[in-house]
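Colleague: I would like to learn how to read a model of this kind, one feature at a time. Could we look at it together?

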Amino acid sequence: MARLDGLVALVTGAARGQGAAEAEALVAAGARVVLGDVLVDECRGVAERLGDAAVATVLDVTSIDDWEAAVALAESRFGGLHVLVNNAGIVKVASLFETSLDDYRAVIEVNQTGCFLGMRIAGAAIARAGGGAIVNVSSTGGLEGVPKSIAYAASKHAVTGMTKTAAIELGRYGIRVNSVHPGGVDTPMLDLSDEVRETGFTFLPLGRVGQPAEIARVVVFLASEDASYMTGSAVLVDGGSMAGPLGWNAD
Ligand SMILES: NC(=O)c1ccc[n+]([C@@H]2O[C@H](COP(=O)([O-])OP(=O)(O)OC[C@H]3O[C@@H](n4cnc5c(N)ncnc54)[C@H](O)[C@@H]3O)[C@@H](O)[C@H]2O)c1
């Protein structure tokens, strides 16, 4: 597995789901990690489980003050910042006609504006440290439509585009910027029943839902020197959901 010894990472939405798995995988790869989330107690619990290489902080990704405090914590506690994982996200499931303006704006604010603020504020800290990597967690919904999730699809398409734009601008600072695009992953966001977990993903080429650790391993790879010539890439981790038309008989 890729190594991140001596590097310091900041993961948003790290209290549970993919963010917690990413923080765990980053620590396992040798990084020290600041875990940020609005779910403060859960976030502290994850950080305590990970030991001295991890520290939790309140980080609402829509707040400039919280971003600045999280970066300051990385610099004071661990001596700098080299890796940002913009993972925090929310979804509001509703059809186009049923999506309120408030719900639309709430999703854009967290998923899109939060990613922008992270790249601007934490990205500047990574530049100060001499370079590193930013990994933005988009979605297959950042590359195709998502029924009943118009705001989510809008926000994740924005993350895909912002990733490529930042990659063009930040290469000169030694910062690589890539996006990962998970398909369905078994986290509290999907809130799967046992039945759907077992039968709801058999249509996929790999025939099952994804696990948070499977996304986390790709995040670690993109953060590491093993991905030293990758920037501006959109990396699918989706069990084949976007490989082509599904439901055709492969035999
Ligand atoms: N689960 C999936 O099927 C799936 C698929 C594709 C992409 N994603 C994306 O993966 C990322 C992680 O999602 P997950 O599946 O682990 O979901 P999750 O709901 O389990 O975790 C999301 C985390 O983000 C945090 N969060 C929400 N608003 C925040 C804010 N304003 N500031 C800081 N943290 C905030 C939550 O408290 C939570 O801990 C999200 O960006 C999501 O859109 C998930």
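This is a predicted model: local features need pLDDT of at least 70, side-chain atom pairs count only at pLDDT 80 or more; totals for chains, interfaces and linings use all residues.

Colleague: Is G118 buried or exposed?

Modeller: The general idea is to count neighbours, a residue being called buried if 20 or more other C-beta atoms lie within 10 Å of its own. G118 is buried because 25 other C-beta atoms lie within 10 Å. Leaving aside residues up to four places away in sequence, G118 touches T12, V61, W67, L84 and N86.

Colleague: Across which strands does helix α4 lie?

Modeller: Helix α4, residues 101-128, lies across β1, β4, β5 and β6, and runs at about 175° to β4. Another helix to look at here is α7, residues 212-223, which lies across β1, β4, β5, β6 and β7 and runs at about 165° to β6.

Colleague: What is the order of the strands in the sheet?

Modeller: The sheet is open and has seven strands, which pair in parallel in the order β3-β2-β1-β4-β5-β6-β7. Its edge strands are β3 (54-58) and β7 (234-237), each of which pairs on one side only. On average, and with direction ignored, neighbouring strands of this sheet are turned by 20° against each other.

Colleague: How should I read the two sides of a helix, and which residues of α2 are buried?

Modeller: The general idea is that an α-helix has 3.6 residues a turn, so residues three or four places apart point the same way. In α2, residues 40-50, the buried residues are C43, V46, A47 and L50. These residues are on the same side of α2 because they cover an arc of only 95° around the axis. On the other side of α2, D41, E48 and R49 are exposed.

Colleague: What do the buried residues of α2 pack against, and which residue follows α2?

Modeller: The buried residues of α2 pack against α1, β2 and β3, while the residue that follows α2 is G51, whose phi is positive, near 90°.

Colleague: Lastly, which residues come nearest to the ligand?

Modeller: There are 28 residues around the ligand, of which G13, G17, G89, T187 and M189 come nearest. By class, this shell has 14 nonpolar, 11 polar and three charged residues, and helix α1 (residues 17-28) gives the most to it, with three residues.

Notes. Residues are numbered from 1 along each chain as its sequence is written. A residue is near a molecule or strand if its C-beta atom, placed from the backbone, lies within 6 Å of it. Helices (H or I, at least four residues) and strands (E, at least two) are DSSP runs, numbered from the N terminus. Ala, Val, Leu, Ile, Met, Phe, Trp, Tyr, Cys and Pro count as nonpolar, Asp, Glu, Lys and Arg as charged, and the others, Gly among them, as polar. Two strands pair if DSSP finds at least two bridges between them. Axes are lines fitted to C-alpha atoms, for helices over the stretch in contact, and angles run from 0 to 180 degrees between N-to-C directions. Two residues are in contact if their C-beta atoms, placed from the backbone, lie within 7 Å. A residue is buried if 20 or more other C-beta atoms lie within 10 Å of its own, exposed if 12 or fewer, and partly exposed in between; C-beta atoms are placed from the backbone. The arc is that of the directions from the helix axis to the C-beta atoms.
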